[in-house]
Amino acid sequence: MYFINVILPIPLQKLFTYKITEAESEFLKKGMRVAVEFGKSKIYTALVFSIHKEAPVGYEAKDIYQILDEKPLVNEIQLQHWEWIAKYYMCSLGEVFRSALPSAFLLESETTILLNTSFKNEDTLSEDEFLIFEALQFQSQLSVNQIMEILGKKTVFPIIKDLIEKEVIVVKEHIYEQYKPKLVKYIQFTQKWNDSEKLSELLEMLSRAKKQREIILAYFQLKATKNEIKVIELQEDFGASSAGLKSLVDKGILEYYYIQTDRIHFDGKSQEIKKLTTSQTTAFKAIKSNFKTKQTVLLKGITSSGKTEIYVKLIKELLQNKKQVLYLLPEIALTTQLIERLQFYFGEYLSVFHSKYSMNERVEVWNNVLEKKQKAQLILGARSSLFLPYSNLGLIIVDEEHEPSFKQFDPAPRYHARDAAIVLANKHNAKVLLGSATPSIETFYNATQGKYGLVELNERFGKVLLPEIFLVDIKEKHRKKRMKGHFSDDLILQIEDALKNREQVILFQNRRGFAPIVECETCGESPQCPNCDVSLTYHSLKNELRCHYCGYKQAMPHNCFACGSEKLNTKGFGTEQVEQELQQLFENANIGRMDLDTTRGKYGYQKILGKFKNHEIDILVGTQMLSKGLDFENVSLVGVMNADAMLNFPDFRAHERSYQLMVQVAGRAGRAKKRGKVIIQTFNPYHQILQQVSTHSFEEMYKEQLNERWQYKYPPYYRIIKVIVKHKNYTTLDEGAQWLGKSFNNIFKENALGPAIPSISKIRNLYIQQFIIKIPPKQSITKTKDAILKVKNTFQAIRNFRPIKFIIDVDNY
């Protein structure tokens, strides 16, 4: 007997064993997919983890349903990396498997119901059963969803079960392959006419069919320069009609054929790489020498110092050595701008992988990486591109490494792409280059401690000075009545100057929508989301209230729900309101907005950034998407509308994040010739973080934050594991949380904090409580995790607590 252990894409900790034949055992390899039955009738795509001869204990192994691959889809190094992620981030291998593979590879099963033709006894059927029986008289088969529609019920499985027992129906599982390759339609002569000597005979034959004759002549015209001719070329360049082509195919003169092609292809321009400046050359050489002794190097280069040009030079060297390179970015908006720059140099090597690409496009990138094709030697992507099947990785570049977007929060695995990239590079014996103008405190600490190499680049490209930063006290401006809406007179003046000089402006407000709160002036009530513990945000464009956590929306009311008053007022402001105020203040300016609402489509980022680059937009308003590495030469002014909201966030990283965000936003100004200006509006201009931003004092901020972290036992000195529990009933959740609190306190003493109710205590109808477990420098992380898992298993063994959702988030940065 032969058996395989498989990974199933479900959140269960263990692997499952299935039975295979001897022939299957010779064919199957680790990393191939098989379809298996799990539970009563559900069919899953599973991944072969090992092949052996040991029967499972406790259950009888089922046969596999079918083999889905001819060769492994996942390689050995990938599986090792997945195991590390599952172990380190305390989730199951199945969750990593589901997250890593494009969904097209996780084949879906669809239950189909067929009528048993030998069944005759209709009188024994109930009303619902007869409705299904009757529907099957008219349709050969029905899906479960169609049965739900026919009966108008969601719970149809008991009825289906009764019909199976009465032998009225037969249930069948179909496996659906979701990926569809893109086929391009070509045309050629049939064998009979594929001879240039027969051309005159053919033209004579078609002397009366003028349109068809023209198509043949156009075909020969194209054939002179091309070996293969696309149907679309004949149609677009020579006006060949579909009817004319069809007639020629019907006559047996021409025939169609198809060639599979990639959906996305970048043409390589193979341009010469820009010559590095003296300071860039020094940094480049320092990185190379650091790589001799260190696996990971931090490049701390101020904004607009030309870090990308250094990356490009490193990439070129590795591609020449036939190595794969992964270029990780935190934001899809950044990939949009970088594609243009990289395809000039490496178009024929470049592939892009992120969630805005369609499922089929992602499958093609996966296959190209797996097959080691040249067009997938350089991968540019967001955090999910970490899971591609690399086999010859030489370098991982993590640009803007400080960005919180690199951390995955939901669903599991809750990994940090930067840390997971360092482990992946280690498994490939590759190097990692972390780049940032404002590195995270952990990374800079590791660099100063000698764990990582450190290279600094403190000169802007073209020796342009860092922007001047002005802090505007809006409390004082309000007092002196020098505010127009949310704009101080200083900011308005600077925008006017920039527009007069035909320069562009970026305005940053880290809130989308029009206003975060709608309040009744009579009773003070504001509309709340029925599913979450948040007030609804007003969006003026569609005149609706929307929840940014669960997506709930409703029309903007005319009266207060509580007292019926018509005096409804908005509090706070978002990007929509800034955009509207700008339109009133600067009527002749072209204003654009870049936030989650305006970049939903696949090309949403591209359109906005393209317009801004082509100077079709004078003032661009946006959320934190704007702060990350975007490069526009003509931006001379950056305005931060309200700095205080970031500073007062209840998080131990609030000050570090505020500093990073403001310095990064400021770095968008004056990147070419002229020195840029930055205006930060705040109620507290004497706040130490704002003072440090205005003087670009990273080291000062770093030392201050490091002292606080040591005092209050936070990273980089102590590690953090967050435990979050959720349930729809508050009383049940509270009982469970109190039980957990006592258990954690018994084990971890003063290093266990909680249970605590977070600032948003209910999301999607689930109440939330959380715990923070701090791990001191010399405490074993493995033993700590084992203790947490032991508590989790005991907790879930208690019947009352079993429905409570238990989430573990390691390194909750």
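Predicted model: local features only at pLDDT ≥ 70, side-chain atom pairs only at ≥ 80, totals over all residues.

Modeller: Happy to! Now find helix H22, residues 654-666, and helix H24, residues 698-712; their axes are 10 Å apart and the packing angle is about 165°. H22 and H24 are therefore roughly antiparallel to each other. As for handedness, H22 and H24 make a left-handed crossing. On the H22 side, the contact is formed by His655, Glu656 and Tyr659, while H24 brings Phe698, Met701, Gln705 and Arg709. Sorted by class, the residues where H22 meets H24 are three nonpolar, two polar and two charged.

Helix H11 (residues 278-293) and helix H12 (residues 307-320) have axes that come within 10 Å and cross at roughly 45°. That angle makes H11 oblique to H12. Here the crossing is right-handed. From H11, the residues Gln280, Ala283, Phe284, Ile287 and Lys288 meet Glu309, Ile310, Lys313, Leu314 and Glu317 of H12. In this contact there are five nonpolar residues, one polar residue and four charged residues.

Next, let's turn to the interior. In soluble globular proteins, nonpolar side chains tend to be buried together. The largest nonpolar core in this model holds 150 residues, and Trp82, Ile396 and Phe744 have the most contacts inside it. Helix H13, residues 332-346, gives the most to this core, with eight residues. If you zoom in on phenylalanine 744 and set aside neighbours within four places in sequence, you will find it in contact with Val723, Lys749, Ala752, Phe771, Ile773, Ile788, Val791 and Phe806. Another core, of 21 residues, lies apart from that one, and its members include Met483, Ala498, Ile591 and Ile679.

Glycine 435 sits in strand E18, which covers residues 431-436. With a relative accessibility of 0%, glycine 435 counts as buried, because the cut-off for buried is under 20%. Not counting residues up to four places away in sequence, glycine 435 touches Leu299, Tyr311, Val398, Asp399, Glu400 and Glu401.

Conventions
Residues numbered from 1 in each chain as written. Heavy atoms only, no water. Axes fitted to C-alpha atoms, helices over the stretch in contact; angles between N-to-C directions. Helix = DSSP H or I, 4+ residues; strand = E, 2+ residues; numbered from the N terminus. Parallel < 35°, antiparallel > 145°, perpendicular 65-115°, else oblique. Left-handed = near helix turned anticlockwise from the far one by under 90°. Contact = heavy atoms within 4.5 Å. Nonpolar A, V, L, I, M, F, W, Y, C, P; charged D, E, K, R; others polar. Buried < 20%, exposed > 50% of the residue type's maximum accessible area, 1.4 Å probe, protein only. Core = buried A, V, L, I, M, F, W, Y, C linked by side-chain atoms within 4.5 Å.
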